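Subject: Handing over a structure

Hi,

I am passing a structure on to you, with the sequence alongside. Please open both first, and then read my notes below.

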Amino acid sequence: MVREGVRPNVYTYSSVLRSCNGMSDVRMIHCGIFKEGLESDVFVRSALIDVFAKLGEPDDALSVFDEMVTGDAIVWNSIIAGFAQNNKSDEALKLFKRMKRAGFLAEQATLTSVLRACTGLALLELGMQVHVHIFKYDQDLILNNALVDMYCKSGSLEDARRVFRNMKERDVISWSTMISGLAQNGYSQEALKLFESMKASGTKPNYITIVGVLFACSHAGLLEDGWYYFRSMKKLYGIDPVREHYGCMIDLLGKAGKLDDAVKLLNEMECEPDAVTWRTLLGACRVQGNMVLAEYAAKKVIELDPEDAGTYTLLSNIYANSQKWDSVEEIRTRMRDIGIKKEPGCSWIEVNKQIHAFIIGDKSHPKIVEVNKKLNELIHRLIGIGYVPETNFVLQDLEGEQMEESLRHHSEKLALAFGLITLPIGKVIRIRKNLRICGDCHVFFKLAAKLENRSIVIRDPIRYHHFQDGKCSCGDYW
DNA sequence: GAGGGCGACC
């Protein structure tokens, strides 16, 4: 078209942008847009924002957005969605506030992105506020799907079930979201029952649905069921197993203590195992206490994901435990050389729509004195009922937090103490954490839930822990 | 003649 001398217009550009596959395509087209002086058109702009975000470059999307003098609601939706899709939930929520200040009303698409941001941050209260605003879009399928996901990821299963039940229309995403959500929160049997209802409803499962089903099996240690679904998925649903399915099975086998079978399956995979696959095996070795295989798996993880600080620490702990001090030193040097920094442990808790952050070793929270007092008192009372601080961390501490600070004050314990002094009795304490929970905190929370007669939910980067009455929904496998 | 939103293994 350009060769033949036809000048592209705003319609051409907004269509062509959506078919870009890489940044080089977009940059070329972006130049053309400037050359034609079409950069201020809202359609072109929203297409640009959209494509930058889809390619994982939300900051480029933001520059396009910020150059805008006049915009419309869609451009706002595009930029908010761009950050929400790239897991930059904070930024998405900030932009949403800016949007409201600028006088734009939130529509369905806006609210879906806002919900996704709440989901990312496990902000149940804010998510519920959004829920109130969407009653007028009662039967919007995508919004309802996002709501179900938000409630599941905030550990509020009652609400998730209610929204799901009241949906008049459900698609494969609705079912898959609810199945995975139930499984992640420890309701495996319910998840599998729901899968049966899904089939009865006539909705065809896709490969993500099966990931949820296998995850449910792995979560509950249902070895037979897991094998059945895994082996029959191709025949029954025409779905070829991919890495995620293998991952669930490796987890399931590992949980059942069948590490040999897990390794065998890993070696039989049609696709290459990735860092997540090896981390799955590593997790199984950790729970089974198999240090030899753990060392092997950890090396593989680092090979495939050299930035993974937690695994370096775990490997170094394994070496330290077997007195291989040269290897310990080697790892430390390597971490220094590549510039691997351990992220400090941080926990968040939402109280009265305010987010409170607790960072290990940080004393800036205004209530830190009371929090420490409450925590010390709690530790004392827990010791009274048999709590013994866990000091053998070789395979228990996934992120190496205790190396830096006393485990007495891991961030989730601070958040818990704060929750106990601020949230009314009977209210569930919900905490989100940036690092995996360690073995000591896990024991601590089980006992604290019992002693304080509280439900406590912790969402770490990959697992959900519902502590109640001395038990955890993860069944001590995480 | 054109635009945005939802689910998945560690």
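By salt bridge I mean a side-chain nitrogen of Lys or Arg within 4 Å of a carboxyl oxygen of Asp or Glu. Glutamate 452 sits in the loop between H23 and E4, while lysine 374 belongs to helix H21 (residues 368-384), so this pair ties together parts that are 78 residues apart in sequence. Glutamate 452 and lysine 374 are both buried. Here buried means under 20% relative accessible area, exposed means over 50%, and partly exposed is in between (1.4 Å probe, protein chains only). The pair also belongs to a network of salt bridges that links Lys374, Glu377, Arg381 and Glu452.

Before going on, some background. This is a predicted model, in which local features need pLDDT of at least 70 and side-chain atom pairs count only at pLDDT 80 or more, while totals for chains, interfaces and linings use all residues. Residues are numbered from 1 along each chain as its sequence is written, chains are lettered from A and ligands numbered from 1 in the order in which they are written, and side-chain values use heavy atoms, with hydrogens and water left out. Helices (H or I, at least four residues) and strands (E, at least two) are DSSP runs, numbered from the N terminus.

Side chains of opposite charge can pair when their charged atoms come close. How many salt bridges does the structure hold? There are 27 salt bridges. One of them joins the side chains of arginine 463 and aspartate 251, at 3.3 Å from N to O. Arginine 463 is in the loop between strand E4 (456-459) and strand E5 (464-468), and aspartate 251 is in helix H15 (residues 243-255), so the contact ties together parts that are 212 residues apart in sequence. Both arginine 463 and aspartate 251 are buried.

Another salt bridge brings together the side chains of lysine 54 and aspartate 50, at 3.1 Å from N to O. Both residues lie in helix H3 (residues 42-54), 4 residues apart, which is about one turn of the helix. Lysine 54 is exposed, with a relative accessible area of 56%.

In the model, residues 41-71 are 71% helix and 0% strand, with their end C-alpha atoms 9 Å apart. Residues 171-205 are 77% helix and 0% strand, and there the end C-alpha atoms are 10 Å apart.

Surface patches

Patches are made of residues with over 30% relative accessible area and no salt bridge; like charges are joined within 9 Å, and nonpolar side chains (Val, Leu, Ile, Met, Phe, Trp, Tyr) within 5 Å. Accessible areas come from the Shrake-Rupley method with a 1.4 Å probe, and for residues only the protein chains shown count as cover. Lys and Arg count as positive and Asp and Glu as negative, without His and the chain ends; the place of a charge is NZ of Lys, CZ of Arg, CG of Asp or CD of Glu.

Glu57, Asp59, Asp90 and Glu91 form a negative patch. Aspartate 59, in helix H4 (residues 58-66), is partly exposed at 47% relative accessible area. A positive patch gathers Lys94, Lys97, Lys100 and Arg101. Arginine 101 lies in helix H6 and is exposed, at 67% relative accessibility. Met1, Val2 and Val6 make a nonpolar patch of about 300 Å², and methionine 1 falls in the segment before helix H1 (10-17).

Loops worth a look

Asparagine 87 has a positive phi of about 60° although it is not a glycine. Its place is the loop between helix H5 (73-85) and helix H6 (89-101), and asparagine 87 is exposed at 62%. Asparagine 352, also not a glycine, has a positive phi of about 50°. Asparagine 352 is in the loop between strand E1 (346-351) and strand E2 (354-359), where it is exposed at 66%.

Best wishes
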